[in-house]
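Welcome, and please open your viewer. Have the selection tool ready, and we will go from stop to stop together.

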Amino acid sequence: MSSVAQASLVRMRKDLHDTIKELGHEPVMWENIDQFGGIHGQSSVQVCLDMVEQSDIYFLIIHNQAGSFLSGATRTITHMEFLKAVEKNKLIKIFVEELTNQAYFAHARHIINDFIKSYNEKYNNSPTDQEILSELTAQSRKKKAPQALKETDPYVWILLYKIVQQDETYVHQFSTGVSVDWKLVFSDLLYQGVSLVPSKAKIKEDAETSASLSVFADVFYDLMPMLRIAGIKSEARFFTKILQAFSGGKILRNEGGYVSLPIGEFKSCTAICIFEHNQDTFAPAFPPVGDVSDAPKLYHISDDWSYVVQTYKNDAGTELVFYSEEKNMFYLTKRVGEYIVSCHFPAPNWNNEQFKTHHDWVSYGIMSQGANEILFDFLEFVLGGI
């Protein structure tokens, strides 16, 4: 970056800082070292991320430098800050220097997309960010590479790809040497805030309802194990209601202990099968509900390939998750006494290698989505009480 561009960027950040302060708010940026040095026992990275979490609005200004690289998370600190802002649903405003923005859409984006496509065709898997970064670095060193690629830290393209293509976050363009009217930006933010005022009463009502449900859940968890259940009046309707309540969502991986990143997704539950162990066999305890392409079979205790048998023999007694590449399906299973519960969640765009790599995050992701964990606990209470 030229000294002129550097000075312009510094001035732009200072103007933003001063405007926020003039409007009566508390701006935080890394240049103010005193704001980052007074928290004992925390790394500077954690302090930066805590500042993002405590803020209402996150501003990110991008030129041709990516910032400090965090080897433990294989990302820059700036990228980690952005991810934290996304994770915490912060209001995000991103400004990208005009020539950098144009170079991304004209050159870098195509390099990344072409590399990902060829990598998928060759390895049936997606490349890591480090592999994409290596490709970008190699392309920028070619003699005929556009000047913008040569002068820009390759990680900037990774960051823009994540922001624009994966997170679909809108970016504003600015030119060095041209002042941004920050008061106009805040005027727009004020308008957005005013549009939310009518929702204030509804937000308060939802918070009170959530608190009431939390109290009920505590009592429910204490009382359910004390009940003895004679049976289920309408088995099909009962299990279908539970099936319809299971949620799909994103599988997240904690990155370096700082933020959670999406690594894939799964769809809402499509089937529930419950088997009962009797002597050496496992047979359906109730008619299956949902979209079951093959009717449940009888399994023998020696069928170690079976998810049902593996779950029954699981010493830990915890939920297990299996994956079928043939059916593109996750199977969340658990043993409850002599019963085996199996919930089916479609898993598009996964493969065996991805599942092996992220197995623990898949299990955690399914259970933590929506009310899935509570619903699974409820199933366990009911079957345990019969």
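Predicted model: local features only at pLDDT ≥ 70, side-chain atom pairs only at ≥ 80, totals over all residues.

Residues are numbered from 1 along each chain as its sequence is written, and side-chain values use heavy atoms, with hydrogens and water left out.

**Stop 1: the sheet**

Select strands E1, E4 and E5. Helices (H or I, at least four residues) and strands (E, at least two) are DSSP runs numbered from the N terminus, and two strands pair if DSSP finds at least two bridges between them. You are looking at an open sheet of three strands in the order E1-E4-E5, with parallel pairing. E1 (57-62) and E5 (171-174) are at the edges with a single partner strand each, so one side of each has no neighbour in the sheet. From one strand to the next, the twist averages 25°. Now zoom in on E1 and E4 (residues 91-97): six bridges join these parallel strands. One to pick out is Ile 62, whose bridge partner in E4 is Val 96.

**Stop 2**

Axes here are lines fitted to C-alpha atoms, for helices over the stretch in contact, and angles run from 0 to 180 degrees between N-to-C directions. Contact means heavy atoms within 4.5 Å.

Next, bring in H3 (residues 77-87). The axes of H3 and H7 come within 10 Å and cross at roughly 10°, so these two helices are roughly parallel (angles under 35 degrees). Show the side chains: Thr 78, His 79 and Phe 82 of H3 meet Tyr 155, Leu 159, Lys 162 and Ile 163 of H7.

Then select H4 (residues 98-123). The axes of H4 and H7 also come within 10 Å, but cross at roughly 85°, and the pair is therefore roughly perpendicular (65 to 115 degrees). Residues in this contact include Phe 105 and Ile 112 from H4, and Trp 157 and Leu 160 from H7.

**Stop 3: the cavity**

Which residues line the largest cavity? Select Phe 239, Ile 272, Cys 273, Ile 274, Phe 286, Pro 287, Pro 288 and Val 289 to see its lining. A cavity is a set of points on a 1 Å grid over the protein atoms alone where a 1.4 Å probe fits but cannot get out, and lining residues have an atom within 4 Å of a point. Strand E8 (residues 271-278) gives the most to this lining, with three residues.

Methods. Parallel < 35°, antiparallel > 145°, perpendicular 65-115°, else oblique. 1 Å grid on protein atoms, 1.4 Å probe; cavity = no way out; pocket = protein on both sides within 12 Å on 5 of 7 lines; lining within 4 Å.
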